[in-house]
Amino acid sequence: MITKIISIPDINIQQTEIVLQQAGVVLREGGLVVFPTETVYGLGGNALDKDAAAKIYSAKGRPSDNPLIVHVARPEDAELYAYTGELYYQLARAFMPGPLTVIMPVKQAIPRTVTAGLDTVAIRCPAHPVAHALLICAGVPIAAPSANLSGSPSPTCARHVIDDMNGRVDMILDGGDSAIGVESTIVKIEDDDTLTLLRPGGITVEMLREITPHVRIADAVLGVLPEGATVLSPCMKYRHYSPKAALYLVDGRPEQVARYAVERESKTAIICYEENLAFYTDYFGADRCFSIGNRDDEYTQAHRLFTLLREIDKLQFDEIYAPLPKTDGIGMALYNRMIRAAAHHIIHF
Ligand code: TXA
Ligand code: MG
């Protein structure tokens, strides 16, 4: 398949309108279009078309028991696809459009291939102007997982998408860098006032608790982390977001980490806070050390994570050492992605 790659420099020009109309036709006719969102790029197909969902699973190499998020142009469009309620609208008023996905009981219109046979559906209303305009032009809801090959880091720019998806989809819309850089927060509505957090993201637990105090964090979000050195959680079904090199999260002072890593015989890369970059560079050389941002700037860290993992992969390291993130604010999203990328390998010094 030849993939059309189209750059969208400006949402407000006539050329963009024409491109998005074409992309809308591709979607309505059962094709696949990759599009930018404020979190990560999405691999989209018509959410009302069971065959489009099957194509998504196949393009991504994803097991078909892992359901897709249904994207809508406006929060109230969810009415057609899910049994909503007051709590949904409270969340929608506060956080939509934006990086929040809400799981609710599914209505008949959504094929079972999209929900992987579950009786619930995940609904998200993205804030990115290209995603919004594409939803309007398509006139159908868009089922979209992140546009990476299954198992690799989610794409946060068109370059990442092209690396994974060129030749596998009809069209890629390049809308520049994703602002947030980690996937949406996912919550499940349990009853009138209770939410379960299934995946942390740009909408933090603290923000959700302002809507309802009853937010339960699913056990798998932070993993079960026994005391000790390298631990591997048994509760993981899939290894996620994984770089090709073995990633270790380190909880210790830079001197401890450097002394440990320098002894290893493998080709080692270091991910570190900006403040420690000069220190590590002295040990390992500039071409092996990568800053993820300032220690207290978790937004930049989240934004850089997936790009760094992909860049480091291209340089073919055997091992990567990275600091164990904190778990408050958007740090929880970072922590959640990093323990998965590291397959729960954590070294405490
Ligand atoms: O930011 C995002 O959410 C991006 C952009 C493209 O919108 N999408 C994304 O999709 O990250 P994906 O498929 O990579 O991750 C969605 C997660 C999957 O782990 C899936 O298992 C879960 O949402 N999910 C979807 N529907 C579900 C449901 N009904 N119940 C439980 N989990 C569900
Ligand atoms: Mg994904």
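Q316 sits in the loop that links α11 (298-314) with β15 (319-323); helices here are DSSP runs of H or I with at least four residues, strands are runs of E with at least two, and both are numbered from the N terminus. Phi of Q316 is near 55°, a positive value, and the residue is not a glycine. Its relative accessibility is 63%, so Q316 counts as exposed. For the cut-offs, buried means under 20% relative accessible area, exposed means over 50%, and partly exposed is in between, with a 1.4 Å probe and protein chains only.

Before I go on, a word on the source, friends: this is a predicted model, where local features need pLDDT of at least 70 and side-chain atom pairs count only at pLDDT 80 or more, while totals for chains, interfaces and linings use all residues. Residues are numbered from 1 along each chain as its sequence is written, chains are lettered from A and ligands numbered from 1 in the order in which they are written, and side-chain values use heavy atoms, with hydrogens and water left out.

A116 also has a positive phi, near 55°, and is not a glycine either. You will find A116 in the loop between α4 (112-115) and β6. With 25% relative accessibility, A116 counts as partly exposed. While we are on backbone details, please look at the cis peptide bond between M96 and P97, with omega about -5°. P97 belongs to the loop between α3 and β5.

Now to strand β6. Five of the five residues of β6 (residues 120-124) are buried, so the strand is largely enclosed by the rest of the structure. T120, A122 and R124 point one way, V121 and I123 the other way. Strand β4 (residues 69-71) runs parallel to β6, joined to it by three bridges; DSSP must find at least two bridges between two strands for them to pair. Strand β5 (residues 100-105) pairs with β6 in the antiparallel sense, over five bridges.

On to ligand 1. It has 23 residues around it, and the closest are T39, R62, N66, H71 and S184; a residue is near a molecule if one of its heavy atoms lies within 4 Å of it. By class, that shell has 12 nonpolar, seven polar and four charged residues. Nonpolar covers Ala, Val, Leu, Ile, Met, Phe, Trp, Tyr, Cys and Pro, charged covers Asp, Glu, Lys and Arg, and the others, Gly among them, are polar. The largest share of the shell, four residues, comes from β6.

Which polar side-chain atom lies 3.0 Å from a nitrogen atom of ligand 1? One of T120 does. An N or O atom in the side chain of R62 is 2.8 Å from an oxygen atom of the ligand, and a polar side-chain atom of S146 lies 2.9 Å from an oxygen atom of ligand 1. The protein covers 87% of the 680 Å² of accessible area that ligand 1 has on its own, by the Shrake-Rupley method with a 1.4 Å probe.

Last, the packing. The largest nonpolar core has 49 residues, and those with the most contacts inside it are L43, L91, V102, I123 and L208. A core is a set of buried Ala, Val, Leu, Ile, Met, Phe, Trp, Tyr and Cys residues joined through side-chain atoms within 4.5 Å. α3 gives this core its largest share, five residues.

Conventions
A polar contact is a pair of N or O atoms within 3.5 Å; within protein, one must be able to donate a hydrogen and the other to accept it, and residues adjacent in sequence count only if both atoms are side-chain atoms.
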